[in-house]
Amino acid sequence: MIEIDEELCKGCGICTDFCPMKVLETSDKINKKGYYPPKAVKEDECLGCRLCELLCPEFAIFIINE
Amino acid sequence: MKYLREEIFPTKFCSGCGCGTVLNCYAHAIDELGLNPENIVSVTGIGCSSWIPSPYLKCDTLHTTHGRPLAFATGVKIMKPDMDVVVIAGDGDIAGIGGNHLIHSARRNLDISVFLVNNYIYGMTGGQVSPTTPMGHPTTTTPYKNIEHPMKIAELVAAAGASYVARWTTYNVFPLMESMQNAFKKKGFSFIEILSPCPVAHGRKIGMREGQDYLNMFKEKAIKIEKVKNLSEKELEDRIVIGKFVDRERTEFTESLRKLNQERIGK
């Protein structure tokens with residue numbers, strides 16, 4: 001399961017660019033700071049590799065493996 | 001997240017900065033090793049990368065003067081040999097201003113872990129040229145271009161006598177995390193150079209304004225140390241050599257000091 005804390009995001013876009021399955025996409029909603037956080041569009045295709053979790057500089061994404 | 005002071009988040013780093021990624025890997029490494037953060041002392045100097053453990057990580061932190069974290073860490077390690085002392089600092093901090101401290105701590109083989117976050121520039125003070133700025137890059141203090149050769153810090157520390165030396169980029173998060181765990185376990189001076197993006201102070205002058213530009217550059221230019229044996233220096237000029245440089249056993253400084261004290265004055 002992908003958990004995204006939208007208020008921590010600074011919209012750098014690293015997670016959306018480097019996801020190997022392109023699960024994440026920039027959403028069209030803005031957060032309190034004025035950035036566009038990512039949203040999971042193809043959550044069922046997520047491999048659970050945790051690359052986004054480790055690459056995120058803001059601790060905004062967590063992958064919970066079931 | 002349990003190792004972090006959540007009340008001060010989001011971090012103060014710029015969007016796209018690699019310091020957050022390093023903090024992320026550091027927290028994950030501590031978590032996977034199952035260490036108690038109360039047993040860790042993080043010593044930092046001045047600069048963007050010195051903000052990595054202090055104030056975000058729930059461990060003891062010592063924010064010291066510019067270029068001198070290794071001198072402070074030496075004192076901490078000698079008085080508290082049971083604690084894990086970790087120095088996180090930038091390239092300008094411990095390779096530029098405190099360069100001699102780095103060489104001599106490695107020579108003594110003091111039992112500390114040093115994570116040097118190399119972002120090619122003095123980022124916090126406005127983008128001045130640092131010893132690791134690549135040749136030809138314009139900076140605030142070299143407005144036309146930098147005419148100096150950059151310093152290869154990992155190779156220097158390996159030659160100075162450290163026990164464990166590695167170089168990774170913020171793109172190689174999994175090997176970096178594993179390397180940090182090895183650095184914690186290693187007795188002796190363990191040093192990891194981490195190449196990190198600085199899209200604000202360094203990148204804006206060379207047209208790399210996003211963190212992704214740097215990560216793509218790391219991905220393209222990085223070459224594993226196992227593959228460089230047959231390549232000439234000219235071929236490697238534009239490449240980033242990553243991997244584990246040195247992993248060896250040498251006598252450790254605090255242990256020798258304690259032994260000597262025991263022999264001479266009996267305590």
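The structure is a predicted model, in which local features need pLDDT of at least 70, side-chain atom pairs count only at pLDDT 80 or more, and totals for chains, interfaces and linings use all residues. Residues are numbered from 1 along each chain as its sequence is written, and side-chain values use heavy atoms, with hydrogens and water left out.

**Interface**
- Contact (heavy atoms within 4.5 Å) joins 28 residues of chain B to 20 residues of chain A.
- The two chains bury about 2100 Å² between them, 66% of it on carbon and sulfur atoms; buried area is the accessible area (1.4 Å probe) lost on putting two parts together, summed over both.

**Salt bridges**
- Over all chains, the structure holds 12 salt bridges.
- One of them pairs A:Lys10 with A:Glu58, with the closest N and O atoms 3.2 Å apart.
- This pair links distant parts of the chain, 48 residues apart: A:Lys10 lies in the loop between β1 (2–4) and α1 (14–18) of chain A, and A:Glu58 in the loop between α2 (51–55) and β4 (61–63) of chain A. Helices (H or I, at least four residues) and strands (E, at least two) are DSSP runs, numbered from the N terminus.

**Helix packing in chain B**
- Helix α4 (residues 99–108) and helix α5 (residues 153–160) of chain B pack at an angle of about 40 degrees, with their axes 8 Å apart. Axes are lines fitted to C-alpha atoms, for helices over the stretch in contact, and angles run from 0 to 180 degrees between N-to-C directions.
- The contact is made by B:Leu102, B:Ile103, B:Ala106 and B:Arg107 of α4(B) and B:Ile153, B:Leu156, B:Val157 and B:Ala160 of α5(B).

Key:
Chains lettered and ligands numbered in written order. Salt bridge = Lys/Arg side-chain N within 4 Å of Asp/Glu carboxyl O.
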